[in-house]
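Keep the sequence and the structure in view.

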Amino acid sequence: MSGTLAWLRRHGATVFGLVLLVGALYVVQKEFRGLSVAEIREAMGKLTVGALWMAGGLTVVAYLVLAAYDKLGSRYAGRPVSWPKSLLASFCGYSLAHNLGFAAVSGAAVRYRLYSAWGLTPLEIAKVVGFTSLTFGLGGMALGGLVLMFEPEVVPFFGSTMPRWALQALALPLWGIVGTYVVLSRFRRHVRILKYEIDLPSPRMALMQTLLATVDVAMTAAIFYTLLPQAEGLTFLRFVGIYLASYAVGIAASVPGGLGVFDGAILLGLQPYMPAPEVVGALLVFRLYYYIIPLFIAGGLFVSFELGQRRAVLQRMSAFGRGTDALEVPAIASLVALAGALLVFLGALPTKGTILEEWAGHVAALASHFAASVVGSLLLVMAYGLLRRLTIAWGFTLFLLANGAGIAWLRGEAWWLWGAFLLLGVLVAALRQAFYRDSRLAREPLSPQALVPLLAVTASGITLALIAYGGRVADESWWTVAMSPLAPDSLRFTVGLTGVLLLFAMVRLLRPARFRPLDWEPGVRSRLASLGALAPAEADGAVFGEAERAGFAFLKRDGVWLALGDPAGDRRDAISAIWRFRDLCERAGVDPAFWRVGPDFLRVYGDIGLVAVSLGEGPRYLALRAERDLVELRELLPREA
């Protein structure tokens with residue numbers, strides 16, 4: 001039983017997120033069954049210029065409100081910064097976190113980088129991060145309670161099954177939490193939650209915090225609402241309820257930008273009010289305004305900031321590629337995931353009058369549905385591999401993006417659509433040096449367990465291509481064809497088995513090679529000492545690189561495993577040792593941290609989501625997941641931090 005609980009603690013959130021993602025993809029595929037790109041384009045064409053300008057203006061206002069979060073947060077921390085700095089930190093932090101959701105460029109990590117350059121101590125930055133994180137939650141609960149009180153029927157699944165009074169009663173605990181927070185700030189200065197001691201703001205600041213958060217959530221929902229056509233019965237308050245539920249599910253799935261999950265929930269929630277093409281058109285524009293355009297602007301601002309920190313021109317030019325990898329790779333991985341989701345959606349759309357039908361008839365067009373869905377699913381998996389800097393993921397991504405461009409062209413999509421896949425391929429190819437890790441496939445022979453799913457994909461595609469229906473279901477999606485009464489059971493079995501095994505096989509192939517840390521014993525200590533690494537009398541274990549030419553010792557602490565210094569030895573193998581330690585900590589359900597490290601590997605520590613905090617001893621740092629582990633490791637920092 002204890003083993004099951006431990007497994008759930010480590011993997012429960014991931015499994016829950018995958019379940020939500022699969023359910024969302026099912027909803028999206030179902031809603032897209034009768035759509036075409038032309039219908040979506042037509043719906044987007046109906047958007048008025050006034051609606052587009054209004055949505056753009058609301059987006060600007062929404063990000064200005066978020067800047068006020070940071071301004072209040074710096075005042076709360078006792079180190080107020082200027083409005084321009086608050087705007088930069090907030091815009092970069094939120095736009096990157098909204099899109100990517102990865103630890104390496106989370107809003108907290110970006111804020112640590114910016115605020116530390118402006119002289120704030122780690123503890124002060126932690127207060128800003130905590131304040132901004134709590135602020136959004138207050139707004140969600142305040143507005144959520146409002147929806148439950150006045151429009152409880154809009155709540156998905158429960159709105160039509162639970163009594164109205166029961167749903168309205170759920171508003172009370174939400175408002176109770178917000179009210180308790182404000183009232184408590186009047187009488188208490190500190191509260192302890194688990195192992196964390198939280199300083200409460202003043203009552204006035206707590207009220208401003210709640211008001212700002214409520215305005216922010218309402219403003220973001222208003223961007224989307226403005227882009228939707230008028231629909232009978234869809235009031236703004238009802239839409240806020242649908243938006244909040246969809247956003248919460250997207251966060252719970254831990255998918256970058258809530259991709260697929262947020263979209264599926266929105267489609268499901270708005271189904272009673274308007275046709276799917278109109279929802280999809282508004283959804284695409286909303287993502288463009290609130291996610292994609294800010295992502296590129298924030299990326300440019302953050303890169304400019306990094307370059308501005310380097311004074312000499314030559315230093316800037318040589319540091320550009322290294323200093324921004326921690327940002328560029330997750331951004332590229334996010335775009336690859338977006339491309340994969342787009343192909344999955346294309347796989348759900350029927351082909352009508354495409355190049356494929358002209359060349360090879362309806363059967364080949366049906367096979368293109370399957371190909372788009374498979375390639376799109378694999379690109380989603382490749383994004384996971386890119387984040388882990390795997391060379392095999394880099395190569396597979398280029399191959400799959402080329403396939404995606406070919407599929408889009410053969411389906412007769414617009415030139416800019418297949419051209420976007422090619423452009424993304426060029427961007428991925430340009431980052432070749434950022435991918436330096438070997439996967440299990442490169443270190444271990446291809447096992448039958450991995451080979452069978454890959455063969456199943458080929459078999460399923462061939463089976464789909466050989467099944468002829470005389471054009472009777474030519475306008476249906478591939479998955480609808482597979483479930484059709486006209487299809488043999490062998491087709492359904494092959495396609496179903498393929499979907500499960502393919503993703504399972506690719507995740508296994510992209511996992512780094514297995515290893516075990518070495519127990520701390522005299523022989524291991526001697527090996528580390530010979531490499532020049534710290535080799536104390538007592539430690540909990542040691543980690544070596546894949547070639548065993550670099551390594552370090554580590555200590556186990558509560559929730560954090562602390563590596564003692566940089567890996568000593570061969571540089572390339574030292575990088576693999578850092579990533580191995582990161583993977584080891586992930587499997588153990590703890591955070592990695594590195595104590596007394598120098599500047600040589602700071603980029604790699606940034607790659608695995610750590611923030612470097614100066615130890616005040618020259619160029620020596622503590623690299624840690626500061627937003628989570630600062631309290632636990634605070635004793636290792638200088639007292640003024």
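Q: Which residues does Phe286 touch, not counting residues up to four places away in sequence?
A: This is a predicted model, where local features need pLDDT of at least 70, side-chain atom pairs count only at pLDDT 80 or more, and totals for chains, interfaces and linings use all residues. Residues are numbered from 1 along each chain as its sequence is written, and side-chain values use heavy atoms, leaving out hydrogens and water. Contact means heavy atoms within 4.5 Å. On that basis Phe286 touches Thr220, Ile223, Phe224, Leu227, Tyr243, Phe262 and Tyr291.

Q: Which residues touch the most other members of the largest nonpolar core?
A: A nonpolar core joins buried Ala, Val, Leu, Ile, Met, Phe, Trp, Tyr and Cys residues through side-chain atoms within 4.5 Å. Buried means under 20% relative accessible area, exposed over 50%, partly exposed in between (1.4 Å probe, protein chains only). The largest core has 82 residues, and those touching the most other members are Phe224 and Phe286.

Q: Which helix gives the largest share of this core?
A: Helices (H or I, at least four residues) and strands (E, at least two) are DSSP runs, numbered from the N terminus. The largest share is 12 residues, and it comes from helix 12 (residues 276-308).

Q: How many residues of helix 23 are buried?
A: Helix 23 has 18 residues. It is mostly covered, with a buried count of 13.

Q: Where is Glu548?
A: Glu548 is not a glycine, yet has a positive phi of about 60°. Its place is the loop between strand 3 (541-544) and strand 4 (550-557).
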